[in-house]
Amino acid sequence: MNNFAKWIKPRREFGDICPVYLREFCVENLADGINDGADFAASGELQAKLTITAFGCYEARLNGRRVGDYVLAPSWTEAAIFPAKAKRNRGRLQVQEYDVSLLIEENNSLEITVGRGWYRSPLAGRREEEGRDPRLDMPPALTARLEIFFKNRLIIMETDEKWLVAESPVIFSEIYDGETYDATQERHIADKYEPVEICPAPPVDIVPQQGEEIREMDRLAPAAVFTSPKGEKIIDFGQNITGYIKFALPENTPGGAKITFQFAEVLDADGNFYTENLRTAKAQLCYICKEGVLCRGETQEYTPKFTFFGFRYVKVETDVDVAFEKITAVAVFSQMRRTGWLASSNANLNRFFENVIWGQKGNFLDVPTDCPQRDERLGWTGDAQVFVKTAALNYDVEKFFAKWLEDLAIAQLANGLVPHVVPDTQQGRGGSAAWGDAATICPWEIYLAYGNKKILEAQFESMCKWVDFMTAGAAEYIWDSGTHFGDWLSLELPCPTIQPDARRGATRHDLLATAFFAHSVGIVAKTAAVLGREYSQYETLRDRIIAAFRQKFPENDFRTQTEYVLALHFDLAENPQAVADALAEKIKADGSCLMTGFVGTPYILHVLSRYGYTRLAYDLLLREEYPSWLYPVTKGATTIWERWDSIKPDGSFQTANMNSFNHYAYGAAADWVYTVAAGICVLEDYPGYARVKIAPQPDPRLQWLSARLDTRHGTIFSKWEHMSEFTRYEIIVPVSAQICIGDKIHEVGKGAYTFYEPR
Ligand code: BGC
């Protein structure tokens, strides 16, 4: 889609102020006299399509009405703004198409405001010494095309020299810091328009919208409005979300008055507003009220255009009489279809399931991000890899990941290095084990969940390149070079002289890296087989890595829970049962609790249940004391925390510089509940649940548990419930299935089944 339409920008520097571009036009003039007096919109004969993209985020209005429901368009792809250490592919920018047939009138005014968005905000990743952030100096460029089909004629209007531009009332807007809107400027805009300048197209490919659209998905009313001990006026929305607020002011609001909203996830132990964990992100919304007396009944409404916040609490500072209880919180995320539901007889476990869902809503805003609130909000590859399986059970994320993975392939360097974050804001820094493996694990999980080979075809080259990168970094099949994040945020702390960054855990980095090397090579071998390509070289490579792993890391010398877990989950152990027995012993010795970080946590329950320790797996899942999945729930969490002890048992916070309350990674435990507790298993030979295995594993501490999964082949349902003498199983399958109840196997066709098993 290159050579799309001309790009325009203001002739002078607007600084922080967002430009609003304007084109007024009369269809008759454009059409060069074809109008025969017909009413365009009403005739039903007119069709109009508006196509837009901008280097930033844009909002379009045609005749005062917002075009489309897409917010924060064009969202965020790999635009390769930063030079990387090695060559990589050209970046890209999505364009959006809107049907505006019903908005067109005879005389029209098209206004498009452009904010910094992701492309031009100073996102984290640059170092001070690297000088001024080039993103800040890139022009707020816009390109658009309107196509009108009327009476067998095609009329085209594009961005060109005829457009005008003015400073909009959005006088500041940025991803981390928020937005300032000066409504007093609205009435002056008409006088401020000036000519635009044609500018070079940004150095990116223009591509059609590929991902899910970002939309306003949920609305929440305040749960409480109160004054904190420090005297702060605070609204509590009762749920930690990602998005913004909407508000309306009454007609007697004094012009020029300022309202400042600040956003936070938690209150401190004294009940005061707490924002230290946002680090440098100001997360503020300022609104300067319209001047003059408004007409009776007229209100001024506002919702930010080009920013978002991670919040449950909003602090309001103003002299204006704002009706706090009428302010609405709006959750904004990618428009994904919900496909999975979990429920049980345990209220805390159910709240955990809810928190997993909110964690996904809050961090699937076009890119799978680590968190939505602090000065980060980036597409951390490791986090996405850890959560992808759970994500694909909760929601249909095929399109979402297809888009992000294409960006990953673009961002990947020529030597196969996968950047730590995609889109890459860190100039090609990357190559960490378990983070870069997003390149192989994510496409494979998406393929299994939806049964569509296309994702494997599209990503195969990138997957192989990642394996090449690891191969080049390995010596004798042990990957012992590079910098790794380790078992990030594990509770097993390293010896400070060996590994001074305690957050990187005690799991040996060469063990972890070699384990993922073997795992990714295995995925590439399976992928090659699915695609009908040569795969034996990958099988041979995997065998060699495993042999080297066993030699270098004897299984009687594993040191952390994650070391055992990786050896088991990736089938590296020679005597898996003995290793699992030793892991179970270690967990008990550690106080019957998990100590794992980002890397070991998604797999620990799986390896326990796989080797006969389902009861111990449930011990960990149902545990409420710190550290555990349910501990945050007992502390009132409404999303998944970044740390096991984001709020410590004594009520104090973990260190403010790494303490998000909305990090989905540990929510990955939900996949065990779907696939083991409720027993809905995808079969590798029947991807996409074309045929399934249902093997529920009940626990006496829950009276019942159920899972529903809407697959491409229909709905699967699995529920077990303990009755006085029996456990009752209710199973619905839309395809043929193998149902395993206790030690009995039932081969069934599609249908609804009930089984009873003596307790
Ligand atoms: C992010 C993580 C990420 C990590 C890398 C953090 O700052 O928030 O979730 O994976 O860095 O270690």
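**View 1. Strand S4 and its partners.** Two bridges join S4 to strand S5 (residues 65-66), and the two run antiparallel. Helices (H or I, at least four residues) and strands (E, at least two) are DSSP runs, numbered from the N terminus. Strands count as paired if DSSP finds at least two bridges between them. The model is predicted: local features need pLDDT of at least 70, side-chain atom pairs count only at pLDDT 80 or more, and totals for chains, interfaces and linings use all residues. Residues are numbered from 1 along each chain as its sequence is written, and side-chain values use heavy atoms, with hydrogens and water left out. Arg61 stands opposite Arg66 in S5. The S4-S5 hairpin has two residues between the strands, and Asn63 takes a positive phi near 55° there. S4 also pairs with strand S7 (residues 107-115), in the antiparallel sense, over six bridges. Leu62 stands opposite Leu110 in S7. Five of the six residues of S4 (residues 57-62) are buried, so the strand is largely enclosed by the rest of the structure. Buried means under 20% relative accessible area, exposed over 50%, partly exposed in between (1.4 Å probe, protein chains only).

**View 2. The salt bridge of Lys399 and Glu212.** The side chains of Lys399 and Glu212 meet in a salt bridge (4.0 Å, N to O). This pair links distant parts of the chain, 187 residues apart. Lys399 belongs to helix H7 (residues 398-411), while Glu212 lies in the loop between strand S14 (204-208) and strand S15 (214-220). Lys399 is partly exposed at 42% relative accessibility. Glu212 is buried at 13%. A salt bridge here is a side-chain nitrogen of Lys or Arg within 4 Å of a carboxyl oxygen of Asp or Glu. A search of the whole structure finds 49 salt bridges.

View 3. Lys586 forms a salt bridge with Glu492, with the closest N and O atoms 3.7 Å apart. Lys586 lies in helix H13 (residues 576-589) and Glu492 in the loop between strand S31 (478-479) and helix H10 (509-530), so the pair ties together parts 94 residues apart in sequence. Lys586 also forms a salt bridge with Asp590, at 3.3 Å between the closest N and O atoms. Lys586 is buried, with a relative accessible area of 18%. Glu492 is buried too, at 7%. Asp590 is partly exposed, at 24%.

**View 4. A salt-bridge network.** Lys49, Glu97, Arg145, Glu147 and Glu158 are linked in a network of salt bridges. Side chains of opposite charge can pair when their charged atoms come close.

**View 5. Domain 1 against domain 3.** Domain 1 covers 7-168 + 186-208 and domain 3 covers 337-677; such bounds come from an automatic or database domain assignment. Their C-alpha centres lie 39 Å apart. In contact (heavy atoms within 4.5 Å) are 25 residues of domain 1 and 23 residues of domain 3. The two domains bury about 2,100 Å² between them, 53% of it on carbon and sulfur atoms. Buried area is the accessible area (1.4 Å probe) that two parts lose on being put together, summed over both. In domain 1, Trp76, Glu78 and Arg92 lose the most area to domain 3, together 32% of what that side buries.

**View 6. Charged contacts between domain 1 and domain 3.** Two salt bridges are counted between these domains. The side chains of Arg92 and Asp407 meet in a salt bridge at 2.8 Å, N to O. Strand S6 (residues 91-99) gives the largest share of the side of domain 1 that touches domain 3, three residues.
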